[in-house]
Amino acid sequence: MTVLSLRGVWCAFGDHEVLRGVDLDVERHEVVALIGASGSGKSTLLRTASLLEHVDDGQILLGGEDITDPRVDADAVRARIGTVFQSYNLFPHLSVLDNVTLAARVVHRVPRRDAEARALSLLEGIGLAGKARAYPDTLSGGQQQRVAIVRAIATDPELLLLDEITSALDPELVGEVLDLVRSLKENGSTIVMATHEMAFARDVADRVVFLDQGGIVEQGPARELLAAPREARTREFLARFRSS
Amino acid sequence: MPHQPSELELERRAFRKRQGYRSVLVSLVSTVVFAAVVVLALRAAPGWPRVVHSFFDLDAARRSFPVVLSGLWLNVRVLVVAAVGTLLLSLVVATLRTLRGPVFFPLRALAAGYTDLFRGMPLIIVLYLVGFGVPGLRIFPRLDASVWGTIALVLVYSAYVAEVWRAGIESVHPSQRLAARGLGLTHGQTLRRVVLPQAVRKVAPALLNDLVAMQKDVGLISVLGAIDAVRAAQIETSRDFNFTPYVVAGLLFVLLALPVIRLTDWYTARLRRREQAGAIV
């Protein structure tokens, strides 16, 4: 079953065309890694998929439903998708527990007790149940990002979008966040992630998609594509990546 | 065993202590000298005895105190209602100004025009227009002058406070809004649950400062004829042309403002400490 389907998606900011007719299908339980240089359109692609960015042409289907139709309730669509950002974006005025339960309580109308019980068991799973009453600024970057991931999955979204979630972290904190993503994959989550972690993409992603200048240059099984890219631009990008 | 400070550190501490004593002594002496100069200069002024008689007459103060105090009670009531009214109206105006999209243009323009108009117009003119002009329309039942005064205060202050809110709303990083919308929260839910709670923390000192300003400006409703502290003092003054009741009213206004001024100082200091500790909120 196809969870997300992009068909000829265009997105421009003024004269600058960031996405130039992107086609992409993501199957259920699949983990897709988007790779490419900064400005290649990875983040914009994720944002259009969660309707956080406008679409100038093309269609995006979520569970078969055209979510680019202006008659669609965009808030209801976003509530079905979990998004995690590079800079965590936890709410600093809310405790960890309130961060995780906010969407459940406000959007999905789950009673506070049920939402908190679910949030606590999720926090337990990442070893942060003891921090439930703490505020985000007392947590390390890795802890904050793991809470942000838990916040995104607390309402059981159909699709999880991860936007360079380890790019803002100190190197020694990257591991704990990637371990959490790995366990999400094992639990059957459908994930699309923009990443610079090539080793992680090779180990965890089912498929790697290489973007350049707003278009998909090449895609294929993670190990194959990273080991033996067919396109010259992909080879060039990967070579630059290894040398840096 | 705790760390024993070295000779070097002990000497530095002793030096800092001596410096501290010296600073305190210097500021103490200079304050006393300055106060003495002011007092001597005032007492040497040729009109000093007359000024003391007409502004600082203890008998007149005692006589006018109860009347002025009961006038102040009206000021306090007007203040409470005007402060609550301003809080609500300013939030509505600020919210209207944050609405995006061409559909909301009329509302946005209305809010912008409102803040432009009432921030530009002197409070006293708004008081005259609302206090004398609106009742002249004869579409409202006869209302007390203090009611019209309260409405004028709310109209003027909401224009200022709406801008304070707007600054607070805009100071919340856009990524916060993005995260909230990404979770499926609507524009309104995002504003209420995520943006406003953070904006309040940032603009609280400015809001409290506006409250202090309003505390003084409630005295202006006296121009509409409401018997508040200022008006009561004026009536007392016209009895025997002694201005002491004005001083009494002035001091009472200061006493009224002091708690909020202290609260503002305390809150601002706390915020600064938090920010310097590297905290976000």
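This note sets out points on a predicted model, taking chain B as a whole and then selected features of chain A.

1. Composition of chain B. The secondary structure of chain B consists of ten helices and zero strands. In sequence order, the pattern of chain B reads α-α-α-α-α-α-α-α-α-α.

2. Dimensions of chain B. The radius of gyration of chain B is 26 Å, whereas a compact globule of 281 residues would have a value near 19 Å. Along its principal axes, the C-alpha trace of chain B extends over about 75 × 65 × 30 Å.

3. Burial and contacts in chain B. Of the 281 residues in chain B, 29% count as buried. Among contacts in chain B with a separation of 6 or more, 75% are made by residues 24 or more positions apart.

4. Geometry of a helix pair in chain A. Helix H5 of chain A comprises residues 141-153, and helix H6 of chain A comprises residues 171-186. Their axes come within 8 Å and cross at roughly 20°. Angles under 35 degrees count as roughly parallel, and H5(A) and H6(A) are therefore roughly parallel to each other. The crossing of H5(A) past H6(A) is right-handed.

5. Residues at the H5(A) and H6(A) contact. From H5(A), the contact involves A:Gly141, A:Gly142, A:Gln145, A:Arg146, A:Ile149 and A:Ile153. These meet A:Leu173, A:Glu176, A:Val177, A:Leu180 and A:Leu184 in H6(A). By class, the contact of H5(A) with H6(A) has six nonpolar, three polar and two charged residues.

6. Backbone at A:His29. Most residues other than glycine have a negative phi. A:His29 has a positive phi, near 65°. A:His29 is placed in the loop between strand E2 (16-27) and strand E3 (31-35) of chain A. Is A:His29 buried, exposed or partly exposed? A residue counts as buried if 20 or more other C-beta atoms lie within 10 Å of its own, and as exposed if 12 or fewer do. A:His29 has 14 other C-beta atoms within 10 Å and is therefore partly exposed.

7. Backbone at A:Gln213. The phi of A:Gln213 is near 50°, again a positive value in a residue other than glycine. The loop that holds A:Gln213 lies between strand E9 (207-212) and strand E10 (215-221) of chain A. A:Gln213 counts as partly exposed because it has 15 C-beta neighbours inside 10 Å.

Conventions:
Residues are numbered from 1 along each chain as its sequence is written. Chains are lettered from A and ligands numbered from 1 in the order in which they are written. This is a predicted model: local features need pLDDT of at least 70, side-chain atom pairs count only at pLDDT 80 or more; totals for chains, interfaces and linings use all residues. Axes are lines fitted to C-alpha atoms, for helices over the stretch in contact, and angles run from 0 to 180 degrees between N-to-C directions. Helices (H or I, at least four residues) and strands (E, at least two) are DSSP runs, numbered from the N terminus. Angles under 35 degrees count as roughly parallel, over 145 as roughly antiparallel, 65 to 115 as roughly perpendicular and the rest as oblique. A crossing is left-handed if the near helix is turned anticlockwise from the far one by less than a right angle, and right-handed if clockwise. Two residues are in contact if their C-beta atoms, placed from the backbone, lie within 7 Å. Ala, Val, Leu, Ile, Met, Phe, Trp, Tyr, Cys and Pro count as nonpolar, Asp, Glu, Lys and Arg as charged, and the others, Gly among them, as polar. The radius of gyration is taken over C-alpha atoms; the globule rule is 2.2 Å times the number of residues to the power 0.38.
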